[in-house]
Amino acid sequence: MDTNAKPVSVNVVPIAPVQAVVEPAIAVPPVAVSVDTGKTSDRRSQAQQQADDNARYRLVIEEGPTQGTFVYKTLDNATGEVVRQFPREQVLRMAESGGYSAGGLIDTSA
């Protein structure tokens, strides 16, 4: 820091307040809906139906029969039914038997 610095005088000039310029809002027209076909409402109802269908299912992850494996099940909330399962039940039964090993279903020898 310079110890020989001299004070500097600053003239402060007040300025008039600035008024904000407010522009009128631009009106955005609603989505055009054909009275004859009602396509927009059809799309909305289809999207709502798809969302309802998707909400009907839930994913359950369970520990598999061997350590470090998992079973992924998609369940129907309404019925409790297993819609999909990975790995499939047949593969789980094979894994529980003694002679199964990963990749044991495919013979890669030539």
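1. The model holds 2 salt bridges, a salt bridge being a side-chain nitrogen of Lys or Arg within 4 Å of a carboxyl oxygen of Asp or Glu. This is a predicted model, in which local features need pLDDT of at least 70 and side-chain atom pairs count only at pLDDT 80 or more, while totals for chains, interfaces and linings use all residues. Residues are numbered from 1 along each chain as its sequence is written, and side-chain values use heavy atoms, with hydrogens and water left out.

2. Asp76 lies in strand β2 and Arg56 in the loop between α1 (39–55) and β1, so the pair ties together parts 20 residues apart in sequence. Asp76 is buried, at 6% relative accessibility, whereas Arg56 is partly exposed at 36% (buried: under 20% relative accessible area; exposed: over 50%; partly exposed: in between; 1.4 Å probe, protein chains only).

3. Glu62 and Lys73 form a salt bridge at 3.2 Å, N to O. This pair links Glu62 in strand β1 with Lys73 in strand β2, 11 residues apart. Glu62 is partly exposed at 34% relative accessibility; Lys73 counts as buried at 18%.

4. The protein has 2 helices and 3 strands, in the order α-β-β-β-α along the sequence. Helices (H or I, at least four residues) and strands (E, at least two) are DSSP runs, numbered from the N terminus. Of the 110 residues, 10% are buried. Among contacts (heavy atoms within 4.5 Å) between residues at least 6 apart in sequence, 5% join residues at least 24 apart.

5. Leu59, Ile61, Phe70, Tyr72 and Phe86 make a nonpolar surface patch of about 550 Å². Patches are made of residues with over 30% relative accessible area and no salt bridge; nonpolar side chains (Val, Leu, Ile, Met, Phe, Trp, Tyr) are joined within 5 Å, like charges within 9 Å. Strands β1 (57–63) and β2 (70–76) each supply at least two of the patch residues. Tyr72, in strand β2, is partly exposed with a relative accessible area of 37%.

6. The peptide bond from Phe86 to Pro87 is cis, with omega near -10°. Most peptide bonds are trans. Pro87 sits in the loop between β3 (82–86) and α2.

Conventions:
Accessible areas come from the Shrake-Rupley method with a 1.4 Å probe; for residues, only the protein chains shown count as cover.
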